[in-house]
Amino acid sequence: MNIVTPPAVLPETASTMSQPSQEQAEEAVRILLQWAGDDPDREGLRDTPARVARAYREFFVGYGTDPVAILARTFEETDGYDEIVLLRDIRLESTCEHHMAPIIGRVHVAYLPHHRVVGISKLARVVDAYAKRLQIQEKLTAQIANTIQDVLEPRGVAVVVEAAHQCMTTRGVHKPGVTMVTSRMLGAFRDNPATRRELLSMINNRSGTGYTE
Ligand SMILES: [Zn+2]
């Protein structure tokens, strides 16, 4: 049997909650299987509660991740580079907090360095730290931008999120192909229309580099 260690839950999200046991989580899944109309004791479903509990650890690993710590290490040898740094098309996998259904899409993160830069993989990890929680897209977008602004203190931050919400595509109004776009612009991206235009053209310029997959 696999022993799964509970993730370290950040204090601000755990102040009034106690972590249920693995057994309690599996029992909850068994009840949902019955609620769906099936028999949790049949062969194909016997290990499903344990699998779902493990999957939840992955879907919600962000609760145990500190986004501020991810951005702690920066580099100052930039030879004065002060133009836009854009990380485009970061895969987004999140979960809607209203239906616990997947939100799948992509995120573009940009900032205007002020004396220091951060490793680009760290920007993607900040996206995951917030995405791997129960979310709404508006809050996710703001959290990513605000954290980068607060920790890196660049001259501006821009976050654009484009995503499909399965609570809308596979249930409810059933509108596949619909994507929701949200953005949060801070600093120069908010105040300077030319900077914002430059960013949006960089995001939309798909033919530019030839380096995309
Ligand atoms: Zn939803």
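User: What span should the 16 residues of helix α6 (residues 137–152) have, and how far apart are its end C-alpha atoms?

Analyst: In this predicted model, the check is a simple one: at 1.5 Å a residue, helix α6 (residues 137–152), with its 16 residues, should span 22 Å, and its end C-alpha atoms are 23 Å apart, which agrees.

User: Which residues of α6 are buried?

Analyst: The buried residues are Q137, L140, T141, I144, A145, T147, I148, V151 and L152. Their arc around the axis is only 160°, which puts them on the same side of α6. The general idea is as follows. An α-helix has 3.6 residues a turn, so residues three or four places apart point the same way.

User: Where is H115, and what is its phi?

Analyst: H115, a residue other than glycine, also has a positive phi, near 75°. H115 is placed in the loop between β3 (102–112) and β4 (117–118). With 61% relative accessibility, H115 counts as exposed.

User: Which residues of α9 are buried, and which exposed residues does the face turned away from them carry?

Analyst: Here the reading of α6 can be repeated. T195, L199 and I203 are buried in α9. They cover an arc of only 75° around the axis, which puts them on the same side of α9. The face turned away from the buried side carries the exposed residues P193, R197 and N204. As for length, the twelve residues of α9 reach 16 Å from first C-alpha to last, close to the 16 Å expected at 1.5 Å a residue.

User: How far apart are T195 and G156 in sequence and in space?

Analyst: Separation along the chain and separation in space are to be read side by side. T195 and G156 are 39 residues apart in sequence, and their C-alpha atoms are 9.5 Å apart in space. T195 belongs to helix α9 (residues 193–204), and its relative accessible area of 13% makes it buried, since the limit is under 20%.

User: Which protein donors does the zinc ion have?

Analyst: The protein donors are C96 (SG), H99 (ND1) and C167 (SG), at 2.2 to 2.3 Å from the zinc ion. Along the chain these donors follow the spacing C-x2-H-x67-C. C96 in strand β2 (residues 85–96) and C167 in helix α7 (residues 166–169) are 71 residues apart, a pair that links distant parts of the chain. Both C96 and C167 are buried.

User: Which salt bridges does R106 form?

Analyst: R106 meets D89 in a salt bridge at 3.4 Å, N to O. D89 in strand β2 and R106 in strand β3 are 17 residues apart, and the pair links distant parts of the chain. R106 also meets E162 in a salt bridge, at 3.0 Å, N to O. E162 lies in strand β6, 56 residues from R106 in strand β3. R106 is partly exposed, with a relative accessible area of 33%.

User: Which residues make the nonpolar surface patch?

Analyst: Y56, F59 and M100 make this patch of about 290 Å². Among them, Y56 is found in helix α3 (residues 48–59) and is partly exposed, with a relative accessible area of 35%.

Notes: Residues are numbered from 1 along each chain as its sequence is written. This is a predicted model: local features need pLDDT of at least 70, side-chain atom pairs count only at pLDDT 80 or more; totals for chains, interfaces and linings use all residues. Side-chain values use heavy atoms; hydrogens and water are left out. Donors are N, O and S atoms within 2.8 Å of the metal (3.2 Å for Na, K and Ca); water is not among the atoms, so sites may look incomplete. Helices (H or I, at least four residues) and strands (E, at least two) are DSSP runs, numbered from the N terminus. Buried means under 20% relative accessible area, exposed over 50%, partly exposed in between (1.4 Å probe, protein chains only). The expected span of a helix is 1.5 Å times one less than its number of residues. The arc is that of the directions from the helix axis to the C-beta atoms. Patches are made of residues with over 30% relative accessible area and no salt bridge: like charges are joined within 9 Å, nonpolar side chains (Val, Leu, Ile, Met, Phe, Trp, Tyr) within 5 Å. Accessible areas come from the Shrake-Rupley method with a 1.4 Å probe; for residues, only the protein chains shown count as cover. A salt bridge is a side-chain nitrogen of Lys or Arg within 4 Å of a carboxyl oxygen of Asp or Glu.
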